[in-house]
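Dear colleague,

Please keep it in view while you read.

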Amino acid sequence: MGDFEEACARLRRTDSLFVLTGSGISQESGLPTFRGVNGLWRTHRVEELASPQGFARDPVLVWTWYNERRAAHRDVQPNAGHVAIAQLEERYADFTLATQNVDSLHLRAGSKNVLELHGHLREARCDRCGARRPLEGALQPDEIGHTCGGRFRPDIVWFGEPLPENIWARAAAAAARAEVVLVVGTSGVVEPAASLATRAPRREAFVIEVNPEETAITPRADAILRGPAATVLPRLYETVAGRGVSCGPT
Ligand code: OAD
């Protein structure tokens with residue numbers, strides 16, 4: 001049996017699926033990945049933009065970057081890969097999607113049980129009192145200060161910061177109980193998120209990787225589906241749902 005067929009068979013047989021996604025799933029929507037050729041980290045200095053120290057140094061610069069990213073997220077649409085994951089969710093009694101992405105595209109595609117490990121850009125949060133405000137347009141420099149004396153920051157996890165405890169606990173528990181783990185579009189180099197696909201799953205859990213390239217997850221993968229998510233995932237879903245062509249090599 002080839003990897004694609006075996007992945008289909010396992011997905012058909014189980015009630016319990018955990019999905020981990022990274023920026024690669026949004027690549028075909030038109031958003032850059034972090035470490036790719038035109039990746040976000042190649043064109044920006046991370047420590048200036050995605051760290052508490054960077055924000056303390058220059059909050060306006062940090063907000064300019066996040067305002068731009070938010071505008072980019074709003075201008076794109078979920079792709080067939082996001083949609084296939086939302087469709088898969090309907091099939092499982094126990095389904096959890098943990099995403100490292102802050103672009104909200106899974107929610108816009110209709111996914112319901114979504115854990116946003118690194119936060120999101122729908123709200124800003126006061127760095128002193130925790131008050132929140134929705135982000136509609138760009139947050140202007142004169143809106144950064146909060147009345148409590150704190151500053152509004154993007155509601156995302158920066159380098160050196162822990163993941164939100166409650167979200168992490170739910171993701172780790174879901175990864176540990178799943179029979180099948182589907183990992184899509186992540187290089188698997190950022191912890192602790194990557195451990196949801198490597199260390200958290202039980203030894204007998206079946207791990208499927210969807211990614212055009214080899215990654216840090218690949219050694220743990222039982223089925224490796226090399227290809228772009230917006231092509232591979234719809235095919236996988238259609239086949240699992242019994243509507244596609246029969247399982248064949250990818
Ligand atoms: P990376 O840029 O590290 O990895 C993107 C992955 O997507 C690579 O493995 C690519 O091969 C793959 N990829 C590219 N195009 C794809 C496609 N069409 N379909 C499927 N896969 C594709 O991005 P992440 O793994 O998401 O954290 O990075 C993880 C974290 O690092 C991010 O959440 C961010 C960053 O630091 C924070 O900001 C806290």
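This is a predicted model: local features need pLDDT of at least 70, side-chain atom pairs count only at pLDDT 80 or more; totals for chains, interfaces and linings use all residues.

Residues are numbered from 1 along each chain as its sequence is written, and side-chain values use heavy atoms, with hydrogens and water left out.

The protein chain is assigned domain 1 (3-30 + 78-118 + 163-240) and domain 2 (39-75 + 122-156), with bounds that come from an automatic or database domain assignment. Their C-alpha centres lie 28 Å apart, and 7 residues of domain 1 are in contact with 5 residues of domain 2, where contact means heavy atoms within 4.5 Å. About 510 Å² is buried between domain 1 and domain 2, and carbon and sulfur atoms give 47% of that area (buried area is the accessible area, with a 1.4 Å probe, that two parts lose on being put together, summed over both).

Grid points are joined across faces, edges and corners, and a volume is the space filled by probe spheres set on the points.

The largest pocket has a volume of about 890 Å³. It is lined by 43 residues, of which Ser23, Thr33, Phe34, Arg35 and Ser187 are the closest to its centre. Its lining holds 19 nonpolar, 17 polar and 7 charged residues, where Ala, Val, Leu, Ile, Met, Phe, Trp, Tyr, Cys and Pro count as nonpolar, Asp, Glu, Lys and Arg as charged, and the others, Gly among them, as polar. Domain 1 and domain 2 each supply at least three residues of this lining.

The second largest pocket has a volume of about 250 Å³, and among its 16 lining residues Gly119, Arg132, Asp155, Pro164 and Ile167 are the closest to its centre. Strand E3 (114-116), strand E4 (119-126) and strand E6 (152-156) each give at least two residues to the lining; helices (H or I, at least four residues) and strands (E, at least two) are DSSP runs, numbered from the N terminus. Here too, at least three lining residues come from each of domain 1 and domain 2.

The whole structure has 1 cavity of 30 Å³ or more, and helix H7 (105-109) gives the most to its lining, with 3 residues.

In helix H1 (residues 3-13), Phe4, Ala7, Cys8, Ala9 and Leu11 are buried, and the buried residues of H1 pack against partners that include strand E1 (16-21) and helix H9 (229-240). Ala216, by contrast, lies in the loop between strand E8 (206-210) and strand E9 (223-225), and counts as partly exposed because its relative accessibility is 40% (buried means under 20% relative accessible area, exposed over 50%, partly exposed in between, with a 1.4 Å probe and protein chains only). Beyond its neighbours within four places in sequence, Ala216 is in contact with Ser187, Gly188, Val189 and Thr198.

With best wishes

Terms used: On a 1 Å grid over the protein atoms alone, a cavity is a set of points where a 1.4 Å probe fits but cannot get out, and a pocket is an open set with protein on both sides within 12 Å along at least five of seven lines; lining residues have an atom within 4 Å of a point.
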